[in-house]
Amino acid sequence: MASATVAKSKVYLETTIVSYLVSAPSADLIQAAHQQATRNWWAGRNRFELFISRAVVTEAGRGNPEAATRRLEALQGIPNLEFGRAVAALAKRLMQSGTLPPKARLDAAHVAVAAVNGMDYLLTWNLRHLANAALRGKIEGVCRDAGTIPPIICTPEELMEPKS
């Protein structure tokens, strides 16, 4: 009897994930915990199908040249999702609805590209505009109103395999 293959969940990696992954250990306890949780999640990343977008590549390439090189190297081989009219329209809708503030244009793009491309999860440490309990429902509502199934927006801690 042939065994059925189980499809891997599709995860869109927002830029903060790769930033925490490759950054030098922080003296800040919360940031250090986020870095460790990210590294732990990354070690088991093969359970998922990973994706990024040109917005992630653009953000990852900014700042300190050495850090940018480490971020971009970590992203090597991860497929880039397409930006098209549907992504632009959903990102615009997220902004015009007031769900995300004007300074969160790239965050709207991350949500839109993940939703339009059928991602199961959007993985992030952006607790201000994305993995934020006060905003998640609003973001999901805008996506659904646009006829798109929203990804589950979560942190690496929330997407860990339970320990037995």
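Modeller: This is a predicted model. Its chain holds seven helices and five strands.

Biologist: In what pattern do they follow one another along the sequence?

Modeller: The pattern reads β-α-α-β-α-α-β-α-α-β-α-β.

Biologist: And in what order do the strands sit in the sheet?

Modeller: The order is E3-E2-E1-E4-E5, in an open sheet of five strands with parallel pairing. Strand E3 (80–81) and strand E5 (152–154) are the edge strands, each pairing on one side only.

Biologist: How many bridges join E1 to E2?

Modeller: Four bridges connect strand E1, residues 9–13, with strand E2, residues 48–53, and the two run parallel.

Biologist: Which residue in E2 does Lys10 stand opposite?

Modeller: Lys10 stands opposite Glu49 in E2.

Biologist: Turning to overall shape, why does the radius of gyration agree with a compact globule?

Modeller: A compact globule of 164 residues would have a radius of gyration near 15 Å, and the chain has 16 Å, so the two agree. The C-alpha atoms fill a box of roughly 55 × 40 × 30 Å along the principal axes.

Biologist: What share of the residues is buried?

Modeller: Of the 164 residues, 43% count as buried. As for the surface, the chain exposes about 9,200 Å², of which carbon and sulfur atoms supply 53%.

Biologist: What about charge?

Modeller: There are 19 positive and 14 negative side chains, and the centres of the two sets lie 4 Å apart.

Notes
Residues are numbered from 1 along each chain as its sequence is written. This is a predicted model: local features need pLDDT of at least 70, side-chain atom pairs count only at pLDDT 80 or more; totals for chains, interfaces and linings use all residues. Side-chain values use heavy atoms; hydrogens and water are left out. Two strands pair if DSSP finds at least two bridges between them. The radius of gyration is taken over C-alpha atoms; the globule rule is 2.2 Å times the number of residues to the power 0.38. Buried means under 20% relative accessible area, exposed over 50%, partly exposed in between (1.4 Å probe, protein chains only). Accessible areas come from the Shrake-Rupley method with a 1.4 Å probe; for residues, only the protein chains shown count as cover. Lys and Arg count as positive and Asp and Glu as negative; His and the chain ends are not counted. The place of a charge is taken as NZ of Lys, CZ of Arg, CG of Asp or CD of Glu.
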